Amino acid sequence: MLPPLAVFDYVRKLFASLETLSNSSNSELDQTKQFHLRALNYLGISYALGYSLLLFVLTYFVTIPFAYEDGSGNRDEESISSIRYLTIYIYFNFIANYVLLRYGAAKSIYCTPRDLPYYSVTTREDWKMCKQCNQDVPARTHHCPLCNMCVLKRDHHCFFVGCCVGFHNQRYFICCAFHTLLCCALSFYFMMLYLSAHYVTFLGPEFFKYFLPYALVVWLFGSTTFGIFFYILIFYLNITTLLASIFFFIWQFNLVKGGQTSYEFVKGKKTYQTNLLTSIRSVFGPFWILNFIFPMPCIKNEGDGKTWMNGNTKYL
Ligand SMILES: [Zn+2]
Ligand SMILES: [Zn+2]
């Protein structure tokens, strides 16, 4: 097989493994699928951290100063500083929520296959047996074949962070998606100004030149520099990441609104649906809006993630 086709085939296999993860939450993965999923995990983490760093450097040092510079080299330093502070604030929120998302994943673990001996909590009828962990686990707890552990109120496995999103870290996932959205929107605006000045006007008559294969050919034939092609490539990744973060944010917002996890949504299960405020407090805690302004690990979300009654979690 030709090398590009082999790479394509390998990438296809990697993504085919994803289906296994979502369809067989209670079955064991064979070694090849485990390997593919681990590779995707590292790829996702590298992309999230590497791309965010690259985007921050380009925005902070190149596109923002350029936007406040006139043709004769004079710079509006006050505006540059203000926008740079805003950039630092948004990127800080992104990184802090990313770290807390990872930290909260450990808190969401209910049990692992190493937790012996087996015990059964027969008094709670909504609990079920996890064959991998050999334990009875609470309602809404699911086993992640990749993390190989049972996660409280498991929503999904996030490949960009390399861990499961569950009861104790769902709010950081939502806030992380929200600040990724802001990071990308800010970088998009300043990159658009930069490319409009150095390449062709964005949404202008020659907008077709932003078409990536066209930009590649133009660079290969020497009509433009590698730098410009590189910026266009980053611009594409920026738009893709922006759209993905909007999707993740709206998707999670709907789940919180409906009091469901992704798994329950797909299965059409509405057992734990409750009123909006209770759902929000269960995910974000009492002062939910503050989480979007600054990371709030000191304010706990309500409930224990194990006891769910009549749609509400019993606050212990
Ligand atoms: Zn388990
Ligand atoms: Zn997982």
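1. **Ground rules.** Residue numbers start from 1 along each chain as its sequence is written, while chains are lettered from A and ligands numbered from 1 in the order in which they are written. Because this is a predicted model, local features need pLDDT of at least 70 and side-chain atom pairs count only at pLDDT 80 or more, whereas totals for chains, interfaces and linings use all residues.

2. **The chain as a whole.** The protein chain holds eight helices and nine strands; these are DSSP runs (helices H or I with at least four residues, strands E with at least two), numbered from the N terminus. Of its 316 residues, 33% are buried, that is, have 20 or more other C-beta atoms within 10 Å of their own; exposed residues have 12 or fewer, partly exposed ones fall in between, and C-beta atoms are placed from the backbone. Among contacts with a separation of 6 or more, 57% join residues 24 or more positions apart, a contact being two C-beta atoms, placed from the backbone, within 7 Å.

3. **Annotated spans.** The unreviewed UniProt entry gives "transmembrane region" at residues 39–62, 82–101, 172–191, 211–232, 239–256 and 276–294. Those positions follow the numbering used here, feature names are shortened, and annotations may be inferred rather than shown by experiment. In the model, residues 172–191 are 100% helix and 0% strand, with end C-alpha atoms 28 Å apart. Residues 239–256 are likewise 100% helix and 0% strand, and their end C-alpha atoms lie 26 Å apart.

4. **H2 beside H3.** Two packed helices are described by the angle between their axes and the distance between the axes. For H2 (residues 31–67) and H3 (residues 77–107), the axes come within 10 Å and cross at roughly 170°. Axes here are lines fitted to C-alpha atoms, for helices over the stretch in contact, with angles from 0 to 180 degrees between N-to-C directions. H2 is therefore roughly antiparallel to H3 (over 145 degrees; under 35 is roughly parallel, 65 to 115 roughly perpendicular and the rest oblique). Ser-52, Phe-56, Thr-59, Tyr-60, Ile-64 and Pro-65 in H2 meet Ile-80, Ile-83, Arg-84, Thr-87, Tyr-91 and Phe-94 in H3. By class, that contact has eight nonpolar, three polar and one charged residues (nonpolar: Ala, Val, Leu, Ile, Met, Phe, Trp, Tyr, Cys and Pro; charged: Asp, Glu, Lys and Arg; polar: the others, Gly among them).

5. **H4 beside H6.** The axes of H4 (residues 170–198) and H6 (residues 226–258) come within 8 Å and cross at roughly 150°, so these two helices are roughly antiparallel to each other. Their contact involves 20 nonpolar, seven polar and no charged residues.

6. **Two positive phi values.** Most residues other than glycine have a negative phi. Lys-153, not a glycine, has a positive phi of about 40°; it sits in the loop between strands E5 (149–151) and E6 (156–158) and is buried, with 27 other C-beta atoms within 10 Å. Leu-203 has a positive phi near 65°. Leu-203 lies in the loop between H4 and H5 (212–220) and counts as exposed, with 9 C-beta neighbours inside 10 Å.

7. **A look at Tyr-110.** Tyr-110 belongs to strand E1 (residues 109–111) and is buried, with 23 C-beta neighbours inside 10 Å. Leaving aside neighbours within four places in sequence, Tyr-110 is in contact with Val-137, Pro-138, Thr-141, Cys-150, Val-151 and Leu-152. Thr-141 is 31 residues from Tyr-110 in sequence, yet 7.9 Å away in space, C-alpha to C-alpha.
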